[in-house]
Each structure stands twice: as structure tokens, then as C-alpha cells.
Amino acid sequence: MHCTKKVTSDLTWVGANDRRLAMFEGVYSVLDGVSYNSYLLCDEKTVLFDTVDKAVQQRFLENIAEVLGGRKLDYLVVQHMEPDHSAALWHLTTRYPEMQIVCNAKTLAFIKQFNDFDIDSRVHIVKENDTLNTGQHTLQFIMAPMVHWPEVMVTYDATDKILFSADAFGCFGALNGALFADEVDFAKDYMDEARRYYSNIVGKYGTQVKALLKKASAIPINMICPLHGFVWRKNISDFVAKYLLWSDYAPEEYGVMIAYASVYGNTENAAEILASRLRDNGIKTVMFDASVTPASEIVSAAFKWSHLVFASTTYNAGIFVTMEALIHDLTAHNIQNRTVAVIENGSWAATSGGLIREKLGKCRNINILENTISIKSALKTSQLAEIEAMADAITATFPQAAVAGSSGAAPAANAVESATMFKLSYGLFVLTAKEGEKDNGCITNTAAQITTSPLRLTVAVNKANFTHDMIVHTGEFNISILAESAPFRIFQQFGFCSGRDSDKFADCGYTARAANGIRYVPEHTNGVIAAKVTESFDYGTHTLFVADITQAFVLSGEPSATYQYYFNHIKPKPQAPKEQKKGFVCKICGYVYEGDALPGDFICPLCKHGAEDFEPM
Ligand code: FEO
């Protein structure tokens, strides 16, 4: 008995549902079934859009016969040749011998690969933007290669502004009486399955999906009729917005998806503790056992969440089998733009962490955190600090508004949070000058190239620095670029005393000078730039010098030290005071001000930073 649904007055859904299918495409479990959509337009000509899977073709043939009501079928538009949409093609040619098959050249080749009947005599080849008039309706064909297969095209009914979208905008799950997405609570009950469908079926082809979305954005669309799932006639832009995110590989939500593979529960234990610490930090978490949850669900979750943690035991000297399959699936589906952390376990030779990092490291824009936790058999109390550190490192990469407990409110339009300035990335340099016989230098982070032709840079120098005055008087300076090996003593040597009353080069053990006669620092630096001032600008506390570069040479291949690197690796960590005193510590140089209250106008005597850069001890 037929079972059809009206889409519009002359368009009818003639597809069918399958709830007995265990694995869609042999790999994706579909516990809620799947629909195979086909649409029949009864205009002056009759047009069928695609067919169905062989499992449901009997019902499908009954549906067509009912809707046609004795009319002949004029056209079958084949938008996608994958057999779940083309299995009934041969049956249709025998039932409707006058039927023309409308498809593109690539589709024709695929029809011939899958079938062995005369097609050339009944084929009508179309290409990009070709149209077919059926009476009241004009159908326009738009190519959508790799929105799942290379032959895919979509069809635009310019009369009713309906996009027949092939695999795009589809969803797993049988239609349970409802045809339109607005008849159900799609966001609550179906969005997860729509994401699982997208990420697993076309997730790999984000670029091609974006190309289709771009074409679709140029035409008015009142309705979308996909080959699986619901028809969209309301809130279309909401679903399109999801497609824009997914095709960009942009996360939908800030939070951490933790997937683990554990043989005897010890790796799972570490993952559980990490999740607990993350929740303590106000971070959303979801967890999957890769040996239990189908990979398609974890891939889908990876497309949803911003951060991914993989915890795996080592197995046969590699990644545990289910985790290896998951990592392979994720890389095959082109996962990108995520922050990742890794936990490995191995009773004698842990390799899984390194291998996971290596595989994910090949994906685009994956930020793999340095904190890998390596467990020997089972987590020990001594490693809880490592879990805490990983949770904190992950949390540090979240925007404040995504952390529970923070206000989450948009900052006021005129808010200026001084801590934001520490997010800027700077290098660190020794700025040197010479006036008469006096050599001097100071630490700066403000040198920056501004033009290449002429080769020119700027440096902003605090007027309180003796080096500032020397540059004003002489118009020349050198910049020694500090490398990561720079010890704290160099910062003490040039940053924590004044050249007015000391010789900063005394006892340094080197005498190097650039061609301009000004000293530079030849150790723990990777390059030197000599410059001549062309202009200077007064900015209150600082002078901005604009200078032409007169000489520049490389000293080593060592990475340059950044401001952040200095804080993380060079600046000594504050020591706990033997007896607790009240006071404030300078975040820049570590100077300690003892007292109950820090004066608002206090200036650090060592590094010259103000009270805003002090924090309570
Ligand atoms: Fe449902 Fe790519 O086919």
C-alpha cells in the first residue's frame, strides 16, 4: 500500500523508511532507521527526483504509481548515483519505458558502471545552470561535486524556490510520520544525528560543501528537499548556519571531548580524573569509551566541541586498536582547528601518545598541547599534579566567557582589561647605545619592523631609562635579539639597574661592537640590528624612535625568546616566603614590595612598571 506525503500542491514525497538497517553504508549504525527521500513533481511533465535503496523499492514503486494516477513518467533526475538513491533506476526504465534520464556526464558514466541496460537512448545530459521547463516549473541544475560523490548535482525549482539538495542537509533517522523539520523538535531530537550524518558522510569535503553553500546563497530558497531526513521550509537559515560552521571545521561549542581506550580501566581512570578537574575549572566535558561508542558518534562529537583529549593505552607497540581506528577516522574526515591534549599509558614502552600526536599533527591547525601525560600501568598520586597541569593548560586556552562561573557577559564597550595587553606577542631585546665613552643598554620588548623598503623599525623607550637619553643625543642604537637560552642574569644585568650609576658591561667578558661602534650582546642572542634614528615621537612616558636599519647580522639559529617564553621558562618562580609577609610582587621582574597596601602610583624600582603590574603575594 502506498504511503506518500504532500510537499506542495504538485510535489509529493514518494520515498520510504528503513528501520531494519543495522549499518548505513555498512559502517554507520542507524538505530533510529533512515529515510530514502524521492520527490515526484506532477507538472505538465512529470519529474521524479532520484530513487531509493533496494530495501524499500517495492513501497517506492507503489508510491509513484499512486501519485502518477495512470500518467506516464516523463523524467527521472538523477542527482546522485550512490545506490541508496539509484537502486530502483532499472525498475523504473522497465515500468516507464518513455522516461528520460536527466543527469550530468559524470553521472552517466556511473550509471553505466552500476548497470547494464541501454541508457544512451534515453539520457538527457545537463551541465552547470542548464534548465528544464516542465510546464509551470523551471528546473535549474547546479553541480555539487564531492558533496558526497564526484557526480553529485542539485536541482533548483526556480518557480517554487525549492532546492533539491541531494545529500546536503540530510539527516539520519527514519521519518516517523512527520515530513517537515518544523513538525518535530529538530534542535533537541535530531541535531545530533544531523551532525553525525554531516561529519561522517561529507565531513571530509568541507571545501566542496562551502562551494555549494556559496552557490546556494545566490538564490532565494523557500524549501530544501534532501535525500535523507526532513524537508526544510522554516528556519532554513538556522540549519544553513550549522553547515557554515561544519564546513569551516569550526567548533559549535567550547568544551572538551575526551575519548579514551583502556584495557583494564587505568587509562580510563586518568581520563575520568582529568574530566573532574576540568569540570572543577568550569569547563564543559563529554566522554566516550572508544571501545564501546561507535566511531561515527565520536567523530561527530569532535566536530561539535572545541577541545579534544585522547587517552590511550599502548598495544602491540602502537595505539590501542579502537583508538587507532578513531584517530584514523578523524584524520580521514579532515578534522581541523582544534586544541588537543594526549594521555598515554604503557606498562613497559609507552608509544601511543607520540603516535597520536604524530597522526593528528598532520591535520590542519591542530594545536597539540605540550603537556602529554605518560602513565606506567596506573596513575600514581605523584602524577595528580600532571593531571591538574593538563586541566589548567586546557582551561587556559578557553575564552573567559566559555568558563562556567565567569559572567559570560559581553565586556562593556569601553572596558579596558589591562591583562589583555599581556596576550600580545613580543620579542625581547637588549637595546644598546653609546655616548662619548659611555656604553649602556636596557631590556625592551618594543622593537618591531615597520617597512621593508627602506628597511625600517621602531622602538619605544621609557624616558626614565638612561639609554633613552643616549639615543636622543646620538640618534643611533643597536638591538640584540635575545634567544631562548638567555639566562635570567642577562635580564638582571640590563633590566634591573640603571646605567646612570653603573657600568652594565663591566665583567661581562665580551667587547663586541657593531660597525656603528655601539656594543651588542654576542651571547644568548640570535641576531643583531644596528639602526639610525630618522624620526622620534613623544608619547608621554615613552619616546617612539623610527630608525633605518644600517647593519643586521644573524648570530645563531636558536629561536627568539618571546615575552611569554620569558615568563614561562626564564623568570624564576616566586619562592614561598619563610614567614608569611604581606606584600605585592611585580609580575614583570619579581620585585617584592612589603606592606599591606601598594600605593597606586608605585613604580617598580627594578623594571619601572607601575602598580597595575603588581599582584598580592
Ligand atoms: Fe545517501 Fe551519498 O548517499
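Biologist: In strand 32, which residue is the bridge partner of Gly 583?
Modeller: This is a predicted model. Strand 31 covers residues 583-586, and three bridges join strand 31 to strand 32. The two run antiparallel. In strand 32, Gly 583 has as its bridge partner Glu 594.

Biologist: In what order do the three strands of that open sheet lie?
Modeller: The edge strands are strand 32 (592-594) and strand 33 (614-616), and each pairs on one side only. From one strand to the next, the twist averages 25 degrees. The pairing is antiparallel, and the order is 32-31-33.

Biologist: How many residues of strand 13 are buried?
Modeller: Buried means under 20% relative accessible area. Strand 13 spans residues 138-143 and is mostly covered. Of its six residues, the buried ones number five.

Biologist: Which residue in the turn between strand 12 and strand 13 has a positive phi?
Modeller: Strand 12 (residues 131-133) pairs with strand 13 in the antiparallel sense, over three bridges. Thr 131 has Gln 140 as its bridge partner in strand 13. The two strands form a hairpin with four residues between them. The phi is about 125 degrees, and the residue is Gly 135.

Biologist: In strand 14, what is the bridge partner of Met 143?
Modeller: Strand 13 also pairs with strand 14 (residues 153-157). The sense is antiparallel, over five bridges. In strand 14, the partner of Met 143 is Met 153.

Biologist: Is Val 263 buried, partly exposed or exposed?
Modeller: Val 263 sits in the loop between strand 17 (253-261) and helix 9 (266-280). Buried needs under 20% relative accessible area, and exposed needs over 50%. Val 263 has 37% relative accessibility, so it counts as partly exposed.

Biologist: What accessible area does the nonpolar patch with Val 263 have?
Modeller: The patch is on the surface. Val 263 forms it with Tyr 264, Tyr 315 and Val 321. Together their accessible area is about 440 Å².

Biologist: Why is the protein chain called more spread out than a compact globule, and what is its radius of gyration?
Modeller: The chain has 16 helices and 33 strands. For 617 residues the globule rule gives 25 Å. The computed value is well over that, so the chain is more spread out than a compact globule: its radius of gyration is 33 Å.

Biologist: What box do the C-alpha atoms fill?
Modeller: Buried residues make up 50% of the 617 residues in the chain. The box is taken along the principal axes. Its dimensions are roughly 105 × 60 × 45 Å.

Methods. Residues numbered from 1 in each chain as written. Predicted model: local features only at pLDDT ≥ 70, side-chain atom pairs only at ≥ 80, totals over all residues. Heavy atoms only, no water. Pairing = 2+ DSSP bridges. Axes fitted to C-alpha atoms, helices over the stretch in contact; angles between N-to-C directions. Patch = residues over 30% accessible without salt bridge, like charges linked within 9 Å, V, L, I, M, F, W, Y side chains within 5 Å. Areas by Shrake-Rupley, 256 points an atom, 1.4 Å probe, with all protein chains shown as cover. Salt bridge = Lys/Arg side-chain N within 4 Å of Asp/Glu carboxyl O. Buried < 20%, exposed > 50% of the residue type's maximum accessible area, 1.4 Å probe, protein only. Rg over C-alpha atoms; globule rule 2.2 N^0.38 Å.
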